[in-house]
Amino acid sequence: MSEQELKLHVPAPARAGIEREIARGTATRVRLHALYFDTPDRELARARVAIRLRKEGRQWVQTLKTPGGHALSRIELNHERPGPVLDLSVYADTPVAAVLASLQGELAVRYETDISRLLRRVRTRHGTVEIAYDTGWLRAGDLALPVSEVEFELVSGKLDAVFDLGRRWQHKFGLVLDLRSKSHRGDALANTAQTLGAIDPEASGATKQRAKEIARYWAPQGAGASPLHADMDASQALRAVTYECLEQVVANAVPLAEVDTAGVYCAGGAEHVHQLRVGMRRMRSAWKLFQGWTPGPSEALVQQARALFASFGESRDADVLQDTVLPTLERAGMPALKLPPSESTVDAGALAASRDFQGWVLDMLAWTLGLGHDAQPAVATSATANDNAAPGTVSAQVEIIPLSAPPVPTLTELLTGRLRKWHRRLVSEGERFLSLEAEPRHELRKRGKRLRYGLAFAEPLLNAQRLRPYRKQLSEVQDILGEMNDLYVAQEHFEVLSAGHTQAWFARGWIVARLDTLGVQAQSSFHTLGEIKPFWK
């Protein structure tokens with residue numbers, strides 16, 4: 001059977017409210033103790049298969065899960081068991097039989113969950129939804145993570161019912177979207193437990209190594225692989241790419257919002273903010289890439305993305321100044337300078353957990369699934385096309401069917417044509433880089449990022465051999481422009497500081513000289529980019 005559910009983390013201040021809300025109807029509570037199995041080399045996880053034995057009250061149930069047709073869908077096979085005995089023979093005639101037959105390692109319990117679940121069913125105008133509020137623990141070896149999440153599972157009707165209810169609860173209680181399943185979190189926790197177990201506590205540097213491995217669990221997440229393939233149409237491709245970008249955004253928002261770590265461990269940092277913004281920038285680049293071929297998100301969602309991106313940027317600029325620019329200046333000989341507290345009022349963690357950001361994330365997730373369709377762009381009809389016709393003219397329109405329909409461009413042809421156009425404009429302006437003012441340079445940098453992200457999206461459809469040297473040179477261009485952008489931000493900051501700090505005069509002079517050097521390098525790098533063999537042939 002297929003299950004479709006939306007899962008949201010419940011922060012500590014919202015837990016009592018969630019309990020009360022569920023208790024308003026007919027609610028039941030059940031104890032769930034689940035054992036998850038895999039081989040030492042994670043063969044099931046790598047095949048995107050999860051197998052568990054779970055005691056539900058007094059009944060044992062064996063469950064196998066695989067990905068479904070979309071991000072919130074799972075194929076689930078359930079079999080009641082007389083006890084804690086894993087029986088693989090029940091999958092003999094299923095699509096996963098080949099995966100199970102090919103396992104090289106021996107299955108064993110890899111991690112477990114101990115959950116108290118509060119259940120209630122709710123009817124909405126779109127269907128019936130089962131609400132499950134889970135609290136408890138996820139354990140692997142000596143490690144444990146708290147579980148506090150509410151799941152909205154579709155029982156009958158349309159998936160809109162899940163989002164209508166989830167969005168309402170998210171706004172009321174300040175819930176946080178977490179796309180990781182319990183099996184995803186458990187597998188990662190088991191990896192960490194296994195790595196920590198191999199560290200000799202008496203060895204030199206053991207404490208530092210343990211801290212590094214623990215931090216790795218919440219490591220910032222970069223871009224994933226492009227989900228595109230040649231037989232997609234533009235609408236399918238845009239939604240798939242947008243979801244992949246959203247995964248990056250959410251994965252980095254989770255540590256910033258302290259989903260696993262509130263009051264225990266500081267997991268989110270400057271690099272999470274950076275990667276979250278990269279995900280949002282990639283998403284916005286994708287909307288530009290597909291513009292005119294298929295409707296994108298509503299203008300309200302686009303404008304909200306722009307505003308949120310800018311807000312996270314305030315936090316990011318302060319981090320770059322403190323962690324990157326200032327150390328570089330001190331290595332260049334600037335006397336030590338303690339920067340005054342940042343004037344930015346943006347707390348990246350609070351913003352990641354905010355109702356505005358989380359509401360936008362949920363709305364974007366719904367859009368990638370084709371829910372809440374935006375209105376199609378208006379197209380002039382034969383009636384409206386002649387509203388201004390002169391009196392006495394014939395207003396009727398005659399439709400003429402052509403001899404043969406024009407060929408529909410493939411996704412590869414569409415993307416290649418647009419990327420080629422972006423390339424030519426970028427090189428044309430970049431080759432006169434030294435004559436540009438600061439603002440046009442900044443716009444050129446944004447267009448370069450857009451081209452780089454577009455190439456990454458289209459990578460499965462392009463010639464890898466030609467693409468490799470081109471992307472390498474484009475990355476060089478972007479590195480130069482990125483450093484220049486950081487220095488422009490720092491330059492404005494040190495201009496303000498120069499009135500009261502003599503060290504700031506050193507910084508201003510060094511920055512001006514460095515920008516001049518980088519400007520020459522940028523123009524030369526753009527010229528080289530224009531000389532490389534085209535990636536589109």
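How many of the 537 residues of the chain count as buried? The figure is 44%. Buried here means under 20% relative accessible area, exposed means over 50%, and partly exposed is in between, with a 1.4 Å probe and protein chains only.

A word on the source. This is a predicted model, where local features need pLDDT of at least 70, side-chain atom pairs count only at pLDDT 80 or more, and totals for chains, interfaces and linings use all residues. Residues are numbered from 1 along each chain as its sequence is written, and side-chain values use heavy atoms, with hydrogens and water left out.

Overall layout, then. The chain has 16 helices and nine strands. Both are DSSP runs, numbered from the N terminus: helices are H or I with at least four residues, strands are E with at least two. Along the principal axes, the C-alpha atoms fill a box of roughly 85 × 80 × 50 Å. Now contacts, meaning heavy atoms within 4.5 Å. Take those in the chain with a separation of 6 or more: 72% of them come from residues 24 or more positions apart.

Next, the cores. A nonpolar core is a set of buried Ala, Val, Leu, Ile, Met, Phe, Trp, Tyr and Cys residues joined through side-chain atoms within 4.5 Å. The largest one holds 112 residues. Trp 169, Trp 360 and Phe 494 have the most contacts inside it. Which helix gives the most to this core? Helix 7, residues 234-256, with twelve residues. There is also a second, separate core of 15 residues. Tyr 111, Ala 140, Ala 193 and Tyr 217 are among its members. As background, nonpolar side chains tend to be buried together in soluble globular proteins.

On to the strands. Two strands pair if DSSP finds at least two bridges between them. Start with strand 2, residues 27-38. Its pairing with strand 6, residues 108-124, is antiparallel and runs over twelve bridges. Within strand 6, Arg 120 stands opposite Ala 27. Strand 2 is also joined to strand 3, residues 50-56, by six bridges, again antiparallel. There, Leu 35 faces Leu 53 as its opposite number in strand 3.

Now strand 5, residues 73-81. With strand 1, residues 2-9, strand 5 makes an antiparallel pair over three bridges. Gln 4 has Ser 73 of strand 5 as its bridge partner. Trp 60 sits opposite Arg 81 of strand 5. Strands 4 and 5 form a hairpin, with five residues between them.

Helix packing next. Helix 14, residues 438-458, packs on helix 15, residues 464-497, at an angle of about 145°, and their axes are 10 Å apart. The axes are lines fitted to C-alpha atoms, for helices over the stretch in contact, and angles run from 0 to 180 degrees between N-to-C directions. The crossing is left-handed. That means the near helix is turned anticlockwise from the far one by less than a right angle; clockwise would be right-handed. What meets what? Helix 14 brings residues including Arg 441, Arg 445, Leu 451 and Leu 455, and helix 15 brings residues including Leu 467, Tyr 470, Leu 474 and Tyr 488. By class, the contact has ten nonpolar, six polar and five charged residues. Ala, Val, Leu, Ile, Met, Phe, Trp, Tyr, Cys and Pro count as nonpolar, Asp, Glu, Lys and Arg as charged, and the others, Gly among them, as polar.

A few single residues to look at on screen. Arg 42 is not a glycine, yet its phi is positive, about 60°. With a relative accessible area of 24%, Arg 42 is partly exposed. Glu 258 is not a glycine either, and has a positive phi of about 60°. Its loop lies between helix 7 and helix 8, 270-289. At 37% relative accessibility, Glu 258 is partly exposed.

Thr 294: buried or exposed? Buried, because its relative accessibility is 13%. Thr 294 is in the loop between helix 8 and helix 9, 299-331. Leaving aside residues up to four places away in sequence, Thr 294 touches Ala 234, Ser 235 and Leu 238.

Last stop, Asp 516. Asp 516 is in helix 16, residues 503-531. Asp 516 counts as exposed, because its relative accessibility is 51%. Pro 407 is 109 residues away along the chain, and the two C-alpha atoms are separated by 50 Å.
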